[in-house]
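I opened this notebook to keep track of what I looked up about nonpolar packing, aromatic rings and the surface. The entries follow the order in which I went through them.

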Amino acid sequence: MLSKQLLFRVGMIFFIISTLGLLFFKVGQITVEIPKANVQAQMEPIFFIDGVSEKTHIKYEMVDPMFTILDSGDFYLKSNITLASGLKQTWGSMSVTAKVQFNNDKKSFYLTIEEPVLLKIRGKSSNDAGFNIWGQDPQVLQADLSKKLNAFFSEQYIAEISGKALRIQAEVFSIQSMQKNNEGTQIVMNVDQGIFIVITYFVMLLSVLIYAFAYFFIGQVGFEDKKGLGFRDPLKTPVAPKKK
């Protein structure tokens with residue numbers, strides 16, 4: 001037979017366990033720092049992007065990347081570019097703002113481009129009126145370059161969440177905000193711990209219910225645990241008549 005004191009102890013143990021779980025493991029946010037130097041060192045040796053624009057048939061090569069951190073926390077990329085069409089060849093630069101994204105499956109960060117690259121050829125910019133490349137509109141080439149860069153960046157993870165940050169039973173991370181710091185980019189991540197927190201709150205609720213059940217329905221109402229007293233059905237418990 002379950003005794004009052006046994007249920008009190010079980011309820012207290014469950015409550016302590018659930019409270020410790022919330023105190024030490026419940027995490028709403030974490031902060032991740034991505035140093036610019038790490039990104040530069042990772043990209044520089046492998047950054048050689050070449051190809052041919054399908055519509056303009058202009059060949060391109062992008063090399064020598066340089067990364068700068070903007071106040072927003074985004075990465076500003078600038079690299080040298082070589083363009084060729086038949087016997088024609090020219091040199092210039094390419095620049096674009098790359099935003100940080102997060103892959104939950106890989107628990108890793110990567111860069112992505114959401115706008116066309118900016119080209120500077122022979123002292124003129126692709127934002128200038130009348131800019132063209134050997135008589136061709138540069139927008140098609142810019143779109144091809146952006147697509148090629150996105151394909152490259154999607155395979156280059158610049159940082160990952162691992163170790164202690166993954167021992168908080170986190171299921172889903174999402175970027176809340178970013179800002180520039182002395183080293184590079186500081187990212188605040190929202191953390192969804194999923195079923196772990198649901199279970200923790202359920203255990204806490206269960207402990208309260210066990211405690212209340214023992215207090216009200218085992219023996220007499222209260223904390224005393226008299227021998228031979230078990231479950232007390234409140235519907236069948238006689239009620240003393242009120243004194244007049």
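The model I am reading is predicted.

Entry on rings. By that criterion I looked up how Phe213, Tyr215, Phe216 and Phe217 are related, and found that ring pairs link them into a cluster. My search of the whole structure gave ten aromatic pairs. I then looked at the pair formed by phenylalanine 67 and phenylalanine 75, which is edge-to-face, with 6.3 Å centre to centre and 80° between the planes. I also checked the burial of these two residues, and both phenylalanine 67 and phenylalanine 75 are buried.

Entry on cores. I looked up the largest nonpolar core, which has 44 residues, and noted that Phe109 and Leu149 are those with the most contacts inside it. Apart from that core lies another, of five residues, among them Leu7, Phe8, Ala214 and Ile218.

I found a nonpolar patch of about 770 Å², made by Met12, Phe15, Ile16, Leu20, Leu23, Phe24, Phe25 and Val208. When I asked which element gives the most to this patch, the answer was helix α1, residues 4–25, with seven residues.

How values were computed: Residues are numbered from 1 along each chain as its sequence is written. This is a predicted model: local features need pLDDT of at least 70, side-chain atom pairs count only at pLDDT 80 or more; totals for chains, interfaces and linings use all residues. Side-chain values use heavy atoms; hydrogens and water are left out. A nonpolar core is a set of buried Ala, Val, Leu, Ile, Met, Phe, Trp, Tyr and Cys residues joined through side-chain atoms within 4.5 Å. Buried means under 20% relative accessible area, exposed over 50%, partly exposed in between (1.4 Å probe, protein chains only). Rings of Phe, Tyr and Trp (its six-membered ring) pair if their centres lie within 6.5 Å; planes under 30 degrees apart count as stacked, over 60 as edge-to-face and the rest as tilted. Patches are made of residues with over 30% relative accessible area and no salt bridge: like charges are joined within 9 Å, nonpolar side chains (Val, Leu, Ile, Met, Phe, Trp, Tyr) within 5 Å. Accessible areas come from the Shrake-Rupley method with a 1.4 Å probe; for residues, only the protein chains shown count as cover. A salt bridge is a side-chain nitrogen of Lys or Arg within 4 Å of a carboxyl oxygen of Asp or Glu. Helices (H or I, at least four residues) and strands (E, at least two) are DSSP runs, numbered from the N terminus.
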